[in-house]
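The sequence and the model are shown first.

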Amino acid sequence: MLKRLPVTFWATVFVTVVCVALVGLDFWRSWNARGVLLEQTERSATNLARAMSQHADDTIKSADTSLHDLEERIETEGMGPAQLARLHRVMQDQVRELPQLDGMYAFDETGRWIVNALPSFNPDASNADREYFRFHRDHPDGGVHINTPVVSRSSGKWVIPVSRRIDRADGSFGGVVVAAIDIDYFSRFYASFDIGADGAVALLTNSGVMLVRRPFRPQGIGISIVDTPLFRAYSGAVTTGVGMFRSTQDGELRLNSYRPLQHYPLFVTAALSKEEALAHWRRDTWAHSLGVLLLAGLLALFGRRLIGQMRRRLEAERELRAARDALAGLNATLEKMALQDGLTGLANRRQLDVSLANEFSRAVRHGSPLALALIDVDHFKRYNDRYGHSAGDDCLRAISAAIRQQTPRRPGDLAARYGGEELAILLPNTDSAGAWAVAERMREAVEALQIAHEDSPQGIVTISAGVAAMVPRRGIDSETTLFDDADKALYCAKSAGRNRVAASAAPDD
């Protein structure tokens, strides 16, 4: 069977479980709050990317629509002086109406400026070296083309050229129309977003060329990011995606949401700094965790003191129980010593007197017989004189042991030493014949010991016994009467030669 564990063990387990649970629940709460915060950051980045994508798509769409109109006018109406004057007014109107436009231009098949939105221009100027001009010259298929950013030769600003090819009636190359979108337009729009101190947003081509970025760095315009984790993730995505990437430009770890434009080969990315997003969470977690750890520490300290007090109390209770048991044992020993003869182990005179009084009262109440046998060791003084008192003590112990063995085991039966070599046997519910039989067995048992006694006529130690029995009557008989009758019977046994049992009323032969 398992040993029952002490209450201090369970108290220790309880305090430990409470402290661990408190710290564990706080850790779970903090970690869950971190996950929720990152999810919110991801949603914010996704919404930001969606807004940027829609804005870029609408911005380029408006410029492209104007270009398409100019392309059709030139291809259908030609480039005569009247037509060019009308195109000049249209271009100026478009630049005034569309805030994203820095300018609009038309070039002939040699790259020479033929018309633009400027008040005046140098007709000998040429843009044949621009990438968009070479592209349309070498690609007869129509459609819009978005070039990498360049510094405008007319305004000196960074612009994104959006261009279309002009075809002659026979399908040959006839020139290019260009709408220059001011990069500052995107920069102002991106500046309206709260992306934190370490966030970043960008507009890029599907080939990985940087068009616009916040924070703006002139040296970063037009660079390629094809070897970055962001571009590899975008290239493998079907439409949109989210990922945690470290920037190759500033080394910042950001949560990126990337999204393609609907109508053009571009994509946008909105990146929010992970460290910045979690900064408030970290401060709150440190403060909260410190409080929880302090609380758990105080609880553990209080629990330890409480358990210590419980241990001391239990130890005190154990000591008290041990003292009580020791006192009870001592009391039992003292009581036994008070009622037991120290030499023979039989009851002493005090216990004999108490038991005789109790049994006498019980016999009076019930009308039952009560017998008493008095025993005396024959010639014991001579034994002591010849063999010494130590041998005399040994002799008394042996005789007492033999008598104890022959004493009945009924409740109330008692063997006692009431004098030096004098013993008494109290036998409730026993008549004179029964008492005589018990005393005779005791005499025979002592005789069987064969303890040598050279100064005795028998040559061995013997005993004489006198027995008396009565059914005591209330108010007439007393314990003294019974005792005197037994003593008279003992005297008769000694007078008759010793080593015998005499009864105050001998049993029938």
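## The second largest cavity

About 130 Å³ of space lies in the second largest cavity. Its lining consists of 15 residues, and those closest to the centre are Tyr105, Asn127, Tyr132, Ser152 and Arg153. The model described here is predicted.

Four strands, β1 (101–108), β4 (150–151), β5 (158–167) and β6 (173–182), each contribute at least two residues to the lining of the second largest cavity. By class, this lining has 10 nonpolar, 3 polar and 2 charged residues.

## The largest cavity

The structure holds 4 cavities of 30 Å³ or more. The volume of the largest cavity is about 260 Å³. It has 20 lining residues, and nearest its centre are Arg213, Leu230, Ser247, Thr248 and Asn256.

Which elements each supply at least two residues of the lining of the largest cavity? They are β7 (200–205), β8, α5, β9 (241–246), β10 (253–260) and β11 (266–273). With 4 residues, β7 gives the largest share. The lining of the largest cavity divides into 10 nonpolar, 6 polar and 4 charged residues.

## The largest pocket

The largest pocket holds about 190 Å³ of space. Its lining is made up of Gln340, Gly345, Leu346, Ala347, Gln351, Arg404, Thr407, Arg409, Asp413, Leu414 and Ala415. Sorted by class, the lining of the largest pocket has 4 nonpolar, 4 polar and 3 charged residues.

## Contact of α1 with α2

Helix α1 covers residues 7–77 and helix α2 covers residues 81–97. They pack with their axes 11 Å apart, at an angle of about 175 degrees. An angle over 145 degrees counts as roughly antiparallel, and α1 and α2 are therefore roughly antiparallel to each other.

On the α1 side, the contact involves Ser66, Asp69, Leu70, Arg73, Ile74 and Glu77. These meet Gln83, Arg86, Leu87, Val90, Met91 and Gln94 of α2. The contact of α1 with α2 has 5 nonpolar, 3 polar and 4 charged residues.

## Contact of α8 with α9

How do the axes of helix α8 (residues 380–387) and helix α9 (residues 389–406) cross, and within what distance do they come? They cross at roughly 135 degrees and come within 7 Å. The two helices, α8 and α9, are therefore oblique to each other.

In α8, the residues in contact are Phe380, Tyr383, Asn384 and Tyr387. Their partners in α9 are His389, Ala391, Gly392, Cys395 and Leu396. By class, the contact of α8 with α9 has 6 nonpolar, 3 polar and no charged residues.

## Backbone details

Arg214 and Pro215 are joined by a cis peptide bond, with omega about 5 degrees. Pro215 sits in the loop between β8 (210–214) and α5 (229–236). Both β8 and α5 also supply at least two residues each to the lining of the largest cavity, and Arg213 is among the lining residues that lie nearest the centre of that cavity.

Asn429 is part of the loop between β14 (422–428) and α10 (432–449).

## Confidence of the model

The average pLDDT of the chain is 88, and 97% of the residues score at least 70. Where in the chain is confidence lowest, and where is it highest? The lowest mean, 81, belongs to helix α6 (residues 274–339), and the highest, 95, to strand β15 (residues 463–470).

Notes: Residues are numbered from 1 along each chain as its sequence is written. This is a predicted model: local features need pLDDT of at least 70, side-chain atom pairs count only at pLDDT 80 or more; totals for chains, interfaces and linings use all residues. Side-chain values use heavy atoms; hydrogens and water are left out. On a 1 Å grid over the protein atoms alone, a cavity is a set of points where a 1.4 Å probe fits but cannot get out, and a pocket is an open set with protein on both sides within 12 Å along at least five of seven lines; lining residues have an atom within 4 Å of a point. Grid points are joined across faces, edges and corners, and a volume is the space filled by probe spheres set on the points. Ala, Val, Leu, Ile, Met, Phe, Trp, Tyr, Cys and Pro count as nonpolar, Asp, Glu, Lys and Arg as charged, and the others, Gly among them, as polar. Axes are lines fitted to C-alpha atoms, for helices over the stretch in contact, and angles run from 0 to 180 degrees between N-to-C directions. Angles under 35 degrees count as roughly parallel, over 145 as roughly antiparallel, 65 to 115 as roughly perpendicular and the rest as oblique. Contact means heavy atoms within 4.5 Å. pLDDT is the predictor's confidence in each residue, from 0 to 100.
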